[in-house]
Amino acid sequence: MEANTRSTGRLPAAFLTPGSSSFMDFLGAHQPELLPGNRPLPPVQGAIEAPHGTTIVAATFAGGVALAGDRRATMGNVIAQRDIEKVFPADEYSAVGIAGTAGIAVEMVKLFQLELEHFEKVEGTVLSLEGKANRLSTMIRGNLGMAMQGLAVVPLFAGYDVDRGKGRIFSYDVTGGRSEERGFAATGSGSTFARGSLKKLYREDLNEEQAATAVIQALYDAADDDSATGGPDLARRIYPIVTVITEDGFKKFTEAEVADIVHAIHERRLEEPDGPRAALL
């Protein structure tokens with residue numbers, strides 16, 4: 001196929017008339033070895049050491065949804081990277097936060113972005129938020145073979161549903177099974193602590209800035225108890241990635257905006273190291 005392309009200087013007809021609105025199906029039909037889950041791994045003994053992304057959190061608010069991630073990647077007991085980015089736009093109205101094997105996760109996100117763009121170009125319309133969540137589920141299921149060998153990817157997907165006029169959150173397991181979360185969610189090694197923090201801080205009437213503050217508080221609490229989660233690094237000026245998706249689309253908070261929230265939280269934590277208290281009743 002490649003030789004024919006080089007000799008004629010033209011793409012094969014099948015490339016110009018795709019039979020499916022799914023780019024993954026198209027790639028699987030023509031060059032299936034390029035799909036992440038189809039790549040054979042060399043035989044290994046013992047655990048595979050690869051950089052892993054850790055904690056991702058999300059929370060809905062009146063008018064949209066916030067999705068944030070810490071910046072630490074670990075490899076066993078070693079910090080592999082201090083400033084990794086784990087939250088990416090999927091398209092104009094959705095975003096993905098990655099936890100798990102970093103290299104495969106980033107590649108999966110890029111393929112997911114291309115999948116959504118391909119659908120829009122072929123069909124002439126945007127896939128529904130529910131449809132996007134289902135497509136991501138299929139991609140995760142396709143990575144099951146690698147997940148069983150220790151190279152799992154467990155993302156958190158969030159977006160603004162233009163049909164329902166609200167933000168929605170979807171979580172996944174390694175088999176591709178998805179669940180819609182109500183209000184807030186977390187995934188990754190620090191998810192237990194982050195979810196517990198959000199459980200006490202979350203309110204349905206949060207505005208955009210309050211939701212951003214809540215997810216940063218949750219990451220702060222996760223870093224307090226989980227060694228694989230990186231808290232705000234004030235000395236190096238490394239702060240969490242915070243994004244929001246509303247009816248206006250995807251927006252990433254600037255470093256200065258996140259820094260202002262982080263420093264406000266830090267000042268309060270100097271007085272109350274365990275963070276804000278929830279009322280007993």
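Helix α7 (residues 191-201) and helix α8 (residues 208-225) have axes that come within 8 Å and cross at roughly 140°. That angle makes α7 oblique to α8, since angles under 35 degrees count as roughly parallel, over 145 as roughly antiparallel, 65 to 115 as roughly perpendicular and the rest as oblique. The axes are lines fitted to C-alpha atoms over the stretch in contact, with angles running from 0 to 180 degrees between N-to-C directions. Helices are DSSP runs (H or I, at least four residues), numbered from the N terminus.

Please keep in mind that this is a predicted model, where local features need pLDDT of at least 70, side-chain atom pairs count only at pLDDT 80 or more, and totals for chains, interfaces and linings use all residues. Residues are numbered from 1 along each chain as its sequence is written, and side-chain values use heavy atoms, with hydrogens and water left out.

Now follow α8 to its contact with α9. These two helices pack at an angle of about 55°, with their axes 10 Å apart, which makes α8 oblique to α9. In α8, Ala212, Thr213, Ile216, Gln217, Tyr220 and Asp221 meet Val258, Ile261, Val262, Ile265, His266 and Arg269 in α9. Seven nonpolar, three polar and two charged residues make up the contact of α8 with α9.

The largest pocket has a volume of about 400 Å³. A pocket is an open set of points on a 1 Å grid over the protein atoms alone, where a 1.4 Å probe fits, with protein on both sides within 12 Å along at least five of seven lines; lining residues have an atom within 4 Å of a point. Grid points are joined across faces, edges and corners, and the volume is the space filled by probe spheres set on the points. Helices α7, α8 and α9 (255-271) each supply at least two residues of the lining of this largest pocket, and α9 gives the largest share, six residues. The lining of the largest pocket divides into seven nonpolar, four polar and seven charged residues.

Methods:
Ala, Val, Leu, Ile, Met, Phe, Trp, Tyr, Cys and Pro count as nonpolar, Asp, Glu, Lys and Arg as charged, and the others, Gly among them, as polar. Contact means heavy atoms within 4.5 Å.
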